[in-house]
Amino acid sequence: MATSVAGGADGVRAVRRWWRTASPPPSLGRRLEPVYLVGVTAGILGPFAYGTASSALSQITTPRVVASWGPALALVCLWAVGRWGAVQGPAVFSAADVAHLLGAPLPRRAIVRRRLWRGLLAGASVGALAAAILIVGVAGQGRGIATARAAGLVAGTALLGVLGVALASAVQGSATVDRVTRLATWPVLLVAAGLVAAGAGNAGGRAVERWTGPWGWAIAPVTGAQWPAALGLLAVVAAAAAARALARCGDCPTERHAVRAQARSGAIASLYSFDARTARQSLRAAGAGHGGRTRWRARRPRRAGLATAWRDATVALGHPQRLVEAALLAAGGALIALLDASHPAAVVAGALVVYLGASRLLEPLRAETDAPGRAWVLLTRPLGRILVEHALVPAVVVTAATALAAAGCAIAGALPAHGGAAALLLVAATPAITLCAALNSRRGGRLPSSMMSALWDPSGAGGGLLFAWLVVWPVLGTGIGSAAVIAVVDRGSAAVPAVLALLAAAPVALTAGLSWERFAP
């Protein structure tokens, strides 16, 4: 055995033959069983699901929307798949494999190549599936789509998936590429915003958007006349990236594989106990970068009651990237909601982005719920009141960013009908949105035992209860923010008193719920 192991690629094949003998793989029938079940289910429910999906998607994924938003979303998805390599990647091993298999005298590239091939095929499959969903919406409402263009869209998104997996492999194997992609986060988002602005303009802007890179080439079959050339360029780039990934797949240091193996085992163990926060912390440890912290500190308060807010402000100043992200998300959500206020879907999306901005600054509250005994010992105030104080700094930052975005829209004259009232009400809704994010963060990302027992409800309602429990605060926060804009834009000034009453009562009720110590962990 030692002789065969030392024989390079032949040794890898010998190890695999031995493993198939010691642990036989499932039979062909067992492997095809999931395919059979999926096929039968799709055959029974497919016609009903297709009609519903076509009706819903056709109102959102119109050719104009795809032309405006498609390249930007493709760019963001490509970057997100690449950043997936920072925490896991297409070739992940268990802790035991890292210690024994990667430590054996076997060629690393021959061990990793097969996993990378599976990752590339999975990326192509996911991209093709996304294209199929997009085609259902584009061809809905009797619009239709040419067969050649539909096939080109499937090929383009599949190639984009291959390119994303190749980028993830590069991020996984190189600390330099990992750092570059991490620093490129906000430039990528700014470029995506510029692509949306260009796509919403004239034909020249849409042409620039279409030819800026692979993200535009993949969508070209729906948006452009020269899409075969775009697909050709994309095929060349994706093939080159995949070839380089396969050639360099054995260069990833063992230490990076070990860190990802530990993160994966910790995340899986946490998810088995429905502990999403610990799983996230495990994965974050694998993708943690150096830097990003400063020594800025807020001035110490003279009143002891402001100690929690002072600590939160110090944490926010110490992590300026998180602070900037929260402010940009809040401002961007306000812009989305106000600039396209005539479309309820855009308003809801904007309110959700504002909610996400508030959630970015609530890490001190989550840390408080991780170790509640610390507050009970070191602080004399009730824990519920401390949690309310943790929402003060995020509320100030999100409200200020939303107000600046609304003021910019007003100065530019881009507000819709009754836009002034809608902008003021959206700014007034940000404290309630922040409190909803705080109530969601207070739960610590952990599923309580009472909800776990509901999963085994014989009536079958456990899944619905779990879904409602997961989305209750994001839905409520998004609903409050979007209602403030939609009601005024649709009904005019007559809806202002009712919205003001809602925005006045909501923070009071949410603050009472957040300060109710019985439910604080």
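## Helices H4 and H11

In this predicted model, H4 passes H11 in a right-handed crossing, a crossing being right-handed if the near helix is turned clockwise from the far one by less than a right angle, and left-handed if anticlockwise. Helix H4 covers residues 63-87 and helix H11 residues 214-223, and the two pack at about 150° with their axes 8 Å apart; the axes are lines fitted to C-alpha atoms, for helices over the stretch in contact, and the angles run from 0 to 180 degrees between N-to-C directions. H4 and H11 are therefore roughly antiparallel, a label for angles over 145 degrees, while those under 35 count as roughly parallel, 65 to 115 as roughly perpendicular and the rest as oblique. Helices here are DSSP runs (H or I, at least four residues), numbered from the N terminus.

On the H4 side the contact (heavy atoms within 4.5 Å) is made by Val-66, Ala-67, Gly-70, Pro-71, Ala-74, Leu-75 and Leu-78, and on the H11 side by Trp-215, Gly-216, Ile-219, Val-222 and Thr-223. By class, this contact of H4 with H11 has nine nonpolar, three polar and no charged residues, where Ala, Val, Leu, Ile, Met, Phe, Trp, Tyr, Cys and Pro count as nonpolar, Asp, Glu, Lys and Arg as charged, and the others, Gly among them, as polar.

## Pro-71 within H4

Pro-71, which lies in helix H4, is buried with a relative accessible area of 2%; buried means under 20% relative accessible area, exposed over 50%, and partly exposed in between (1.4 Å probe, protein chains only). Not counting residues up to four places away in sequence, Pro-71 touches Val-66, Leu-195, Glu-209, Trp-215, Gly-216 and Ile-219. The C-alpha atoms of Pro-71 and Trp-217 are 8.1 Å apart in space, although these residues are 146 apart in sequence.

## Helices H6 and H7

Helix H6 (residues 108-138) packs against helix H7 (residues 147-173) at an angle of about 145°, with 7 Å between their axes, and their crossing is right-handed. Among the residues making the contact are Leu-116, Gly-119, Gly-123 and Gly-127 of H6 and Ala-150, Ala-158, Gly-161 and Ser-169 of H7. The contact of H6 with H7 comprises 14 nonpolar, six polar and no charged residues.

Ser-169, in helix H7, counts as buried at 13% relative accessibility. Leaving out residues up to four places away in sequence, Ser-169 touches Pro-90, Leu-116 and Ala-245.

## Helices H20 and H21

The axes of helix H20 (residues 383-390) and helix H21 (residues 392-412) come within 4 Å and cross at roughly 20°, which makes H20 roughly parallel to H21. Val-388, Glu-389 and His-390 of H20 meet Leu-392, Val-393 and Pro-394 of H21 in this contact, and these residues divide into four nonpolar, one polar and one charged.

## Val-237 and the cysteines

Val-237 is placed in helix H12 (residues 227-248) and is partly exposed, with a relative accessible area of 31%. Apart from neighbours within four places in sequence, Val-237 is in contact with Leu-163 and Trp-217. The C-alpha atoms of Val-237 and Leu-45, 192 residues apart along the chain, are separated by 38 Å.

A search of the whole structure finds zero disulfides, a disulfide being a pair of cysteine sulfur atoms within 2.5 Å. Cys-409 is buried at a relative accessible area of 3%, and Cys-436 is likewise counted as buried, at 0%.

## Basis of the values

Residues are numbered from 1 along each chain as its sequence is written, and side-chain values use heavy atoms, with hydrogens and water left out. Since the model is predicted, local features need pLDDT of at least 70 and side-chain atom pairs count only at pLDDT 80 or more, whereas totals for chains, interfaces and linings use all residues.
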